[in-house]
Amino acid sequence: MAMQSVCGQAGVISGKITADDGSMVQGVLLRLDGRNIAVSSADGFYEIKNVESGSFLLSASGLGYVTVEKSVTMTVGNHLTVDFQLIASTTDLKEVTVTGESEAMVLKNSTASVSVIEAKPYYNRSINAQDLLNTVSGVQVRQSGGVGNNTDISIQGLSGRQVKLFVDGIPMDFLLPVEELGTGASLAMLPVNLMERMEVYKGAVPVTLGADALGGAINIITRHSYGDYLEVSAEHSSFNTWRTTLSTRKTFTSGITLGLSAFYTSSDNDYTVDDVNVINEFGNPESISAPKFHDYFRSYLVKADIGVINKVWADRLSLSFSYGDLYDEIQHNFEMRQPYGQALNLATTFNTALQYEKQNITNKLDLNLYLGHNRIETGFIDTTRNIYNWRGNIIGQKSYGGEITTSQNNLRLKGDNITGRINLNYRITPKSRLIFNGVASYFSRSGRDPVAAEYYGEDYFQNPVYINKLVGGIGFEQELFDGKVTSHTAIKGYQYNSEGFIIENGESNTIEQDRFQPGVSQSLKWKLNDRLLTKASYEYATRMPDRIETLGDFSAAINANPGLKPETSHNINLGVLYRGNNWSIETNGFFRKVEDIIILQAVPPPVLSKYENLLKASIAGVEGEVIWHPWRWLTIRANATYQDLRNRSDKANAGVSSDRYYGARLPNRPYFFGNGEIQFERSSIIRSGDQFHAWWSVAYVEEFFRYWEIDGRREDKLTIPDQWLNHVGVAYTGWRERLTLSLESQNIFDVNAFDNFRVQKPGRSWHLKLRLFITKF
């Protein structure tokens with residue numbers, strides 16, 4: 001039977017968990033005031049011992065069921081019996097949405113400026129992680145093409161490396177090849193059907209996320225259910241795209257739990273691009289439309305775990321293993337001016353992780369430990385001298401170099417990362433707690449490139465690279481004025497040590513770097529009443545230069561720069577949330593003052609480019625979102641964001657000849673964008689218990705300039721035009737609520753869609769998805 005100590009008093013809460021058909025439900029998670037406390041046993045019973053006196057919110061949530069919450073009041077020595085009857089969440093999709101909000105309520109009601117996306121309502125839809133993120137106010141996701149192509153994520157104006165991604169609280173670049181292959185390829189290895197939720201932190205990043213995030217953070221929580229289930233999904237869509245997922249778990253009465261998850265994604269990405277140039281038979285440039293011919297992407301990952309739950313000595317102890325593989329053809333350069341026909345990226349990942357969780361390991365102290373090893377093996381192949389045109393024809397050969405680099409490359413890198421994390425949560429009083437989080441990582445990398453070695457006379461990649469990172473933080477949180485005001489104060493420290501090499505005068509020299517940077521944040525929440533909530537936060541944030549910026553990437557002709565300074569930013573957020581009976585509205589204002597922004601100072605080959613601290617900027621903006629449920633079966637949601645990004649660098653620091661760009665809007669950055677969606681949800685339309693779901697979503701981006709808007713005449717300037725993208729879909733669930741068939745069209749009006757530097761994205765696409773979900777096996 002599940003039991004767990006909560007505090008030092010002698011109260012006990014116990015009960016049974018049943019389904020709406022009267023059967024006992026195993027693996028239901030019980031929470032007291034949002035803290036995981038116990039899990040129901042095989043016979044549906046649970047017990048929570050040593051509950052302190054006071055009033056609590058007790059909730060029961062299980063996979064496939066609507067979360068139920070009950071208020072309980074405990075007195076010293078009392079024994080309360082609290083039973084729950086759960087209703088299958090598939091009986092009404094509207095309740096699934098409410099459940100998602102309930103699961104996220106603790107975060108939404110915290111001091112953090114955070115948006116939470118529950119993934120479960122999207123399991124039946126043809127949506128990836130990037131598209132899901134793009135529905136959040138203040139967030140702009142820009143892709144350089146189709147499936148697996150490079151992705152840039154912006155949160156309230158800060159983007160790229162300034163935004164950190166996490167998986168279950170662990171920095172994603174410790175687990176996946178983010179720095180080597182980019183965010184797009186890494187997010188493609190995290191399908192939505194294997195997620196529980198996505199947490200988007202827009203203001204001060206919490207201490208529990210141990211990384212140097214300058215412009216916010218995204219924490220992807222993978223599925224962790226203790227119930228027995230099997231889920232399989234398969235999707236086929238335009239451009240010969242396939243997505244399949246598998247997720248299953250079995251929990252035994254002994255507390256042993258076994259889990260297996262896997263996915264496979266592939267796409268030809270052979271959609272048509274317009275206005276690309278070829279040389280015609282007369283030797284003149286000619287603009288044509290042509291399908292992409294070298295943009296195939298494929299990735300897969302298998303993960304297995306074994307563990308125990310609900311023991312006196314551990315809430316959860318698990319050991320996991322995963323293997324992933326990626327193949328990514330490179331079609332063109334960053335502006336889509338030059339097509340490639342043979343260049344490609346490869347990656348293989350191996351992960352092993354041990355996790356331990358225990359609440360009240362001693363009186364009032366919770367402990368969470370993580371220890372993991374990750375090996376990432378990457379390849380970059382650029383060996384042909386052939387020159388391709390947009391028809392896929394070879395039209396000539398270079399005298400030297402590959403399609404992308406001046407040396408040609410057959411580069412193989414092998415990196416090992418060992419990561420440890422400790423998280424402590426100490427409840428000083430019922431109204432205050434102390435949080436400590438520490439993350440230490442050790443990274444080493446070496447490789448070989450015999451092709452580049454012939455060009456340079458030496459294989460520089462055999463030189464090892466070492467990076468040590470230590471990130472620590474302490475937070476103090478307390479409730480004031482009878483719980484109406486909550487304060488969270490945090491102090492952080494970032495330690496960075498690296499050893500690599502720099503190319504000077506054709507020779508390789510060892511370089512070392514040792515840096516420390518502090519950080520601080522203060523967040524406040526004021527709950528005026530049950531409907532109105534206000535938040536404010538300030539953070540002095542830091543981002544340490546990453547290994548490519550400091551140690552270089554010779555395959556991309558980027559030299560090392562050990563003298564780079566950390567990026568810093570003063571971040572201010574103000575927010576208001578109001579919840580009505582069937583609607584809610586949330587608005588947030590934000591300001592950023594960013595210094596020492598790291599930018600790649602590109603120069604023509606064969607000279608190596610390198611990153612420099614070149615830019616200062618200010619960002620001010622506002623975002624808002626409205627959600628309205630006029631009827632039980634209809635949901636309307638809309639959000640919009642305006643952000644003003646201005647250059648604050650003088651000519652001495654920015655590498656320009658005058659101050660004319662001071663105060664100018666930064667180029668190639670959207671400044672006004674929004675999203676909207678209408679959802680229709682009804683049950684028992686054809687047969688009792690079936691479900692029908694239809695949706696229509698819209699994404700809008702205002703026209704913006706590709707380069708400085710103060711240069712040249714307005715009518716001659718290159719822009720990214722206004723974009724209205726419409727997506728529609730329907731889904732039907734039947735066969736005892738187990739089988740779902742969905743049909744969706746993205747960009748249904750087939751309008752031209754662009755992102756970074758006017759790189760064209762896919763036109764209209766059709767998606768057919770089948771999902772099978774079985775419980776109680």
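Glu539 is buried, with a relative accessible area of 2%; buried here means under 20%, exposed over 50% and partly exposed in between, with a 1.4 Å probe and protein chains only. Keep in mind that this is a predicted model, where local features need pLDDT of at least 70, side-chain atom pairs count only at pLDDT 80 or more, and totals for chains, interfaces and linings use all residues. Numbering runs from 1 along each chain as its sequence is written, and side-chain values use heavy atoms, leaving out hydrogens and water.

Let's stay with Glu539 for a moment. You'll find Glu539 in strand E33 (residues 532-543); strands (E, at least two residues) and helices (H or I, at least four) are DSSP runs numbered from the N terminus. Its contacts (heavy atoms within 4.5 Å) include Lys492, Ser521 and His570. A polar atom of the Glu539 side chain also sits 3.5 Å from the backbone nitrogen of Val205.

Now for the nonpolar interior. A nonpolar core is a set of buried Ala, Val, Leu, Ile, Met, Phe, Trp, Tyr and Cys residues joined through side-chain atoms within 4.5 Å. The largest one has 41 residues, and Ile153, Met172, Met198, Ile218 and Ile220 have the most contacts inside it. Among the elements giving two or more residues to this core are helix H3 (129-133), strand E15 (195-201) and strand E16 (217-222). Another core, of 22 residues, lies apart from it and includes Leu30 and Val51.

Finally, Ile306 lies in strand E22 (residues 297-311) and is partly exposed, with a relative accessible area of 43%.

Terms used: Polar contact = N/O pair within 3.5 Å; in protein donor to acceptor, adjacent residues only side chain to side chain. Lists of a residue's contacts leave out its neighbours within four places in sequence.
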